[in-house]
Amino acid sequence: MDNFNLSLVVLISGLLVVFLVLILLTALIWCYGKIVSSVGGKGGSKQSKKEDAPKPAAAPKASAAVKKAAPKAASGIPGEIIAVIAAAVASLEGGSKYVIRGIKRSKPSRSAWGTAGVMDNTRPF
């Protein structure tokens, strides 16, 4: 019975130490993240966050880009993909600087065997 009590004390104290250290590490990492974000300028006031945020592009301009690109998409690319590409270009450039004249698929840079070789030789150990 004496060995059982000693084993129980060792087990409980070991678990207690492990969980206390995990809680301490979590608190340290959280504090470090707060310090780094405040030094990096991301932890400013809410008003400065709103001023720094990029403004979204207007939806009518993106839809006009989609309408201009739609007739050129006879290569089998779905309309949803064209809409996403046009919206991405419009949101990056403000919607009025560029016009999408056509979309075509790019050719793969490697053969299927080359891609399989790269995947086989670069996978994690």
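Buried means under 20% relative accessible area, exposed over 50%, and partly exposed in between, with a 1.4 Å probe and protein chains only. Keep those cut-offs at hand for every stop below.

This is a predicted model, in which local features need pLDDT of at least 70 and side-chain atom pairs count only at pLDDT 80 or more, while totals for chains, interfaces and linings use all residues. Residues are numbered from 1 along each chain as its sequence is written, and side-chain values use heavy atoms, with hydrogens and water left out.

**Whole chain**

Start with a cartoon view. The protein chain has five helices and zero strands, giving the pattern α-α-α-α-α along the sequence. Helices (H or I, at least four residues) and strands (E, at least two) are DSSP runs, numbered from the N terminus.

Switch to a surface. The accessible surface is about 11,000 Å², and carbon and sulfur atoms own 67% of that. Areas come from the Shrake-Rupley method with a 1.4 Å probe; for residues, only the protein chains shown count as cover. Of the 125 residues, 9% count as buried.

Contact means heavy atoms within 4.5 Å. Among contacts between residues at least 6 apart in sequence, 56% join residues at least 24 apart.

**Helix 4**

Select 79-93, which is helix 4. Its 15 residues should span 21 Å at 1.5 Å a residue, and the end C-alpha atoms are 21 Å apart, which agrees. The expected span is 1.5 Å times one less than the number of residues.

Now show the side chains of Ile 82, Ala 86 and Ala 90: these are buried. Look down the axis of helix 4: its buried residues fall within an arc of 60°, so they line one face of the helix. That arc is taken from the directions from the helix axis to the C-beta atoms. An α-helix has 3.6 residues a turn, so residues three or four places apart point the same way.

Turn to the face away from the buried side. Glu 80, Val 84 and Leu 92 are exposed there. Then step to Gly 94, which follows helix 4 and has a positive phi, near 85°.

**Arg 110**

Select Arg 110, in the loop between helix 4 and helix 5 (112-122). Arg 110 is partly exposed, at 48% relative accessible area. Leaving out residues up to four places away in sequence, Arg 110 touches Thr 115 and Val 118.

**The salt bridge**

Finish at Asp 120 and Arg 123. They form a salt bridge, with the closest N and O atoms 2.7 Å apart. The term needs a side-chain nitrogen of Lys or Arg within 4 Å of a carboxyl oxygen of Asp or Glu. A search of the whole structure finds one salt bridge. Asp 120 is partly exposed at 42% relative accessibility; Arg 123 is exposed at 53%.
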